[in-house]
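Have a look at the sequence and structure first.

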Amino acid sequence: LTEKLQNVFKNLRSKGRLTEEDVKAALKEVKMALLEADVNFKVVKNFVKTVQERAVGQDVLNSLTPGQMVVKLVNEELVTLMGSDTTEIALKPSSEISVILMCGLQGAGKTTTTAKIAGKLKKKGRRPLLAACDIYRPAAIEQLQKNGEKQGVEVFTMGTNHKPVDIAKAAIEHASKNNLNVVILDTAGRLHIDEDMMAELQEIKENVEIDDTILVVDAMTGQDAVNVATTFNEKIGVDGVILTKLDGDTRGGAALSIRAVTGKPILYVGMGEKLSDLEQFYPDRMASRILGMGDVLTLIEKAEAEIDQDKAKEMERKFRKAEFDFNDFLDQMAQMKKMGGIQSILSMLPGMGLPTDLEIDDNIFKGIEAIIYSMTPEERGNPAIINPSRKRRIAKGAGVNIAEVNKLMKQYEQSKKMMKQMSGMMGGKGKKKGKF
Ligand code: GDP
Ligand code: MG
């Protein structure tokens, strides 16, 4: 696949803005990649459409091909979609009992994950109690007990002859008497979505105050993950999702599908059978895994870093030689605007002579820009040639008074002089490494 992608990139050497063809060609590959990662096909369709609309007409970063630029945008969009940050399980203060309801299909990893979460909470100073609400398989209770023992966490069970809702109530009672403050209810699943299972969970939710309903989904579920998540969310309401078995070779498209369709955050990911194998969910890492274009993403990152470094180096060189011209002036202004406007430009353009305590709006840039844009490229690169007749022409072109042009020229001269002084100071000391 990566080879195919590289071919696409090779064919898309044109720079400038992303054309519809650039975007379409690259998105075709992205679409394939997402489907291969088992992202739900409807989700893929919508996603590709969104990116398509966003990408066409965007500037292509220097040193990226249009195809790479599209992948960069795709990756950004993926991260945004999956939540830009990590999300925690919401708990009440330690003085109260929080109740977590675990739900999901059979074999998804509920019982294992219940114990994993208990371990995490214990480390955070909580006192968890695990409640065995899966009454259909005696082995399930035993499994929970074993896991609880490994984690040093108590397990509450009433055998198989009580209703799950009653076990849940009794467990909370038990926690209250024994000074435990998080109750995690491990429930039964079925192989498929099933009315009885839903009814049982609904009964618990209606009769017990649940703080978090966590849906456990097997990452290998693939296309079906969307149905599972949608149904559980509609029938009982889900607060967060844990995706298990990501240690396998699945690319984890279910994470994207679930998030896109339900809007519910992924809280953790299961990375193995061991009880310590529960990790925080990082949208950026998941995005790159789903996309499966690690090489391309690394390349993009490098290119971005290089651009910044090149610019910085070039500026520094000019600074030292006081070669600063109007092109740099424009460059700086554009960069400053990106960085948040006038306050920062003041600190970057020495000698502008603008009082820092004054309320200045960014319209001041427009006047300066207009003047610089009225200069020929030659004039911008070599301001020394700007004589009175050129000044008149520039003023006319920019629609300003010639005095404005003179003012800008003066500011420019001041900046340059200031730079000479500063580079003199810098030149003496040089750049000492390791000083900071
Ligand atoms: P439940 O039916 O939902 O309670 O699922 P279980 O907790 O019993 O897990 C079913 C199987 O999946 C068990 O063999 C677990 O060891 C395994 N399992 C659970 N989570 C993970 C995981 O993150 N990675 C791997 N490799 N296996 C897991
Ligand atoms: Mg179980």
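## Ground rules

This is a predicted model, where local features need pLDDT of at least 70, side-chain atom pairs count only at pLDDT 80 or more, and totals for chains, interfaces and linings use all residues. Residues are numbered from 1 along each chain as its sequence is written, while chains are lettered from A and ligands numbered from 1 in the order in which they are written.

## The whole chain

The protein has 18 helices and eight strands (DSSP runs numbered from the N terminus: H or I of at least four residues for helices, E of at least two for strands). Of its 436 residues, 38% are buried. Here, buried means 20 or more other C-beta atoms within 10 Å of the residue's own, exposed means 12 or fewer, and partly exposed is in between, with C-beta atoms placed from the backbone.

Now for contacts, meaning two residues whose C-beta atoms, placed from the backbone, lie within 7 Å. Taking contacts between residues at least 6 apart in sequence, 76% join residues at least 24 apart.

## Domains

The domain assignment gives domain 1 (2–84 + 293–298), domain 2 (98–281) and domain 3 (322–427); such bounds come from an automatic or database assignment. Between the C-alpha centres of domain 1 and domain 2 there are 36 Å. Where these two meet, 10 residues of domain 1 are in contact with 16 residues of domain 2. The domain 1 side of that meeting has seven nonpolar, two polar and one charged residues. For these classes, Ala, Val, Leu, Ile, Met, Phe, Trp, Tyr, Cys and Pro are nonpolar, Asp, Glu, Lys and Arg are charged, and the others, Gly among them, are polar.

Start with strand 1 (residues 98–103), where six of six residues are buried. In a regular strand, side chains alternate between the two faces of the sheet. Here both faces are covered, with Ser98, Ile100 and Met102 buried on one side and Val99, Leu101 and Cys103 buried on the other. Strand pairing is called when DSSP finds at least two bridges between two strands. Strand 1 runs parallel to strand 4 (residues 182–186), joined by five bridges, and Val99 has Val183 as its bridge partner there. Strand 1 also runs parallel to strand 5 (residues 212–218), with four bridges; Ile100 stands opposite Asp212 in strand 5.

Strand 2 (residues 128–132) has five of five residues buried. Pro128, Leu130 and Ala132 sit on one covered face, and Leu129 and Ala131 on the other. Five bridges tie strand 2 to strand 4, again in parallel, and Ala132 stands opposite Asp186. Strand 2 also pairs in the parallel sense with strand 3 (residues 154–156) over three bridges, where Leu130 has Val155 as its partner.

## Around ligand 1

Which residues come nearest to ligand 1? Of the 18 around it, they are Gly109, Lys110, Thr111, Thr112 and Gly270, where being near means having a C-beta atom, placed from the backbone, within 6 Å. Helix 5 (residues 110–123) gives the most to this shell, with three residues. By class, the shell has three nonpolar, 10 polar and five charged residues.

UniProt, in an unreviewed entry, places the feature "domain: SRP54-type proteins GTP-binding" at residues 265–278; positions use the numbering here, feature names are shortened, and annotations may be inferred rather than shown by experiment. That stretch is 0% helix and 43% strand, with its end C-alpha atoms 16 Å apart.

## Single residues worth a click

Phe281 lies in the loop between strand 8 (278–280) and helix 11 (283–291). Phe281 counts as buried because it has 23 C-beta neighbours inside 10 Å. Leaving out residues up to four places away in sequence, Phe281 touches Thr86, Ile266, Leu267, Tyr268, Val269 and Met286.

Asn179 is in the loop between helix 7 (164–177) and strand 4, and is exposed because it has 8 other C-beta atoms within 10 Å. Lys245 sits in the loop between strand 6 (240–244) and helix 10 (253–262), and counts as buried with 23 C-beta neighbours inside 10 Å.
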